[in-house]
Amino acid sequence: MGRPPQIPGRKPPLKKISAQDLKIAKLFQQGLSAHQKGQLPQAKTVYEQVLAKQPEHFDALHLLGVLCKQIGNMALAETLIAKAIAVNPNVAAAYSNRGNALKELKRLDEALASYNKAIALKPDYAEAFYNRAMVLSELQRLDEALASYDKTIALKPDSADAFNNRGVVLKDLQRADDALASFDKALTLKPDYADAFYNRGNALKDLQRLDEALASYDKAIEYKLDRAEAFNNRGAVLKDLQRLAEALASYDKAIA
């Protein structure tokens, strides 16, 4: 006998949800709520309870992996998210989050492949383009990194971080004027951005605009950039300006 005729517009019968599935769903929601509130130990316990009952629960595997990254266990984070992807290979966020863990583990080629998969599934995924650009930069594939930051900015034009990191890549490409414009855009979006002031100072130093570079380093330090590099580079500019006593004080601060 043939199959019964399909009735136009009729929805297929809903699969009956078991009491056990409802219980697991409710338990997972408790874990998710705790996670969203920043209650990580409680969320971790609940996700593990869900997985004890249903080892292939995609969301519990994925979010427990995200949580493990948050608490610094990158190896376990990557393992859990990889298991989640094996359960459901069609969720862009899982590939992006796995890429983040792989990036922290310095498994850069694998991280890049994971971000590429996320973008293939979700072509407007700004966060994945941004993280992909960071990996490409670390791999010294600078032209590709620049293109990925440009794509990030096209999708998210208010990202001060993307403009700042884009500027770093442009400086590494010996395009100091373009880098300076990118840092200035970052500072337009985030006027107290200490890292952008520091990077702007580096670009101005390359351009031999020493007084402006000094002012930019001073701003970085004013906004609490307590990094040896900032004081060291500030000292180098002061030395070039023949302000030797101030240069020495800045170098001493860097050493401290």
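Visitor: What do buried, exposed and partly exposed mean?
Guide: Buried is under 20% relative accessible area, exposed is over 50%, and partly exposed lies in between (1.4 Å probe, protein chains only). E138 is partly exposed, with a relative accessible area of 39%. K106 is exposed, at 56%. E78 is buried, at 8%.

Visitor: What kind of model is this?
Guide: This is a predicted model: local features need pLDDT of at least 70, side-chain atom pairs count only at pLDDT 80 or more, and totals for chains, interfaces and linings use all residues. Residues are numbered from 1 along each chain as its sequence is written, and side-chain values use heavy atoms, with hydrogens and water left out.

Visitor: How many salt bridges does the structure hold?
Guide: A salt bridge puts a side-chain nitrogen of Lys or Arg within 4 Å of a carboxyl oxygen of Asp or Glu. The structure holds 17. In one of them, K106 meets E138 at 2.6 Å, N to O. K106 sits in the loop between α5 and α6, and E138 in helix α7, 32 residues apart. Helices are DSSP runs (H or I, at least four residues), numbered from the N terminus.

Visitor: Which residues are linked in a network of salt bridges?
Guide: E78, R98, R107 and E110. Within it, E78 and R98 meet at 2.8 Å, N to O.

Visitor: Which residues touch the most other members of the largest nonpolar core?
Guide: A nonpolar core joins buried Ala, Val, Leu, Ile, Met, Phe, Trp, Tyr and Cys residues through side-chain atoms within 4.5 Å. Here the largest has 41 residues, and V135, V169, Y193, Y198, L225 and V237 touch the most other members. Helix α11 gives the largest share, 6 residues.

Conventions:
Helix = DSSP H or I, 4+ residues; strand = E, 2+ residues; numbered from the N terminus.
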